[in-house]
Amino acid sequence: MRSGELRILIVEDEGIVEMMMEEMVRHLGCKVVASSRTLDRGVAFAESEEVDFALLDYDLGDGTDALPIAAALAERDIPFVFVTARPSADLQRAFPNVPILIKPLQLGQLEQVMPLRRTVH
């Protein structure tokens, strides 16, 4: 077995925040393999992409949230965290054991919750 880059999915509706998250992920030695700004694409990536970890903005705008994406990731046993400016009771009830990172996101927050490498067979 050897160590490899952690493959990350990012779902964030705000372009500038998405770019900052991607930069932080790369700084930690990980690889962004998929990125989405919408619920539909986020669900599609969560159901099909080979990822090790995901960062999910809870509020995706237009009245949508990332709970369906989180459910798809949980179904595949892929760990994830929520990133939000406004945590909600719905979010905490739906996934009580999932970390919630508060925006503005800081590199130190990611370092605390992200595994930094994966094992490759």
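Predicted model: local features only at pLDDT ≥ 70, side-chain atom pairs only at ≥ 80, totals over all residues.

Numbering starts from 1 along each chain as its sequence is written, and side-chain values use heavy atoms, with hydrogens and water left out.

So, the sheet. It's open, with 5 strands in the order β3-β2-β4-β5-β6 and parallel pairing; pairing takes at least two DSSP bridges between two strands. Strands are DSSP E runs of at least two residues, helices are H or I runs of at least four, numbered from the N terminus. At the edges sit β3 and β6 (100-102), each pairing on one side only. Between β2 and β4 there are 4 bridges, and Ile-10 has Leu-55 as its partner in β4.

Now α2. Which of its residues are buried? Leu-39, Gly-42, Val-43, Phe-45 and Ala-46, with buried meaning under 20% relative accessible area, exposed over 50%, and partly exposed in between (1.4 Å probe, protein chains only). They span an arc of only 165 degrees around the axis, so they're on the same side of α2; the arc uses directions from the helix axis to the C-beta atoms. On the other side, Asp-40, Glu-47 and Ser-48 are exposed.

The buried ones pack against β2, β3 (31-36) and α3, contact being heavy atoms within 4.5 Å. Ile-69 touches, among others, Leu-39, Val-43 and Leu-56.

Methods: Lists of a residue's contacts leave out its neighbours within four places in sequence.
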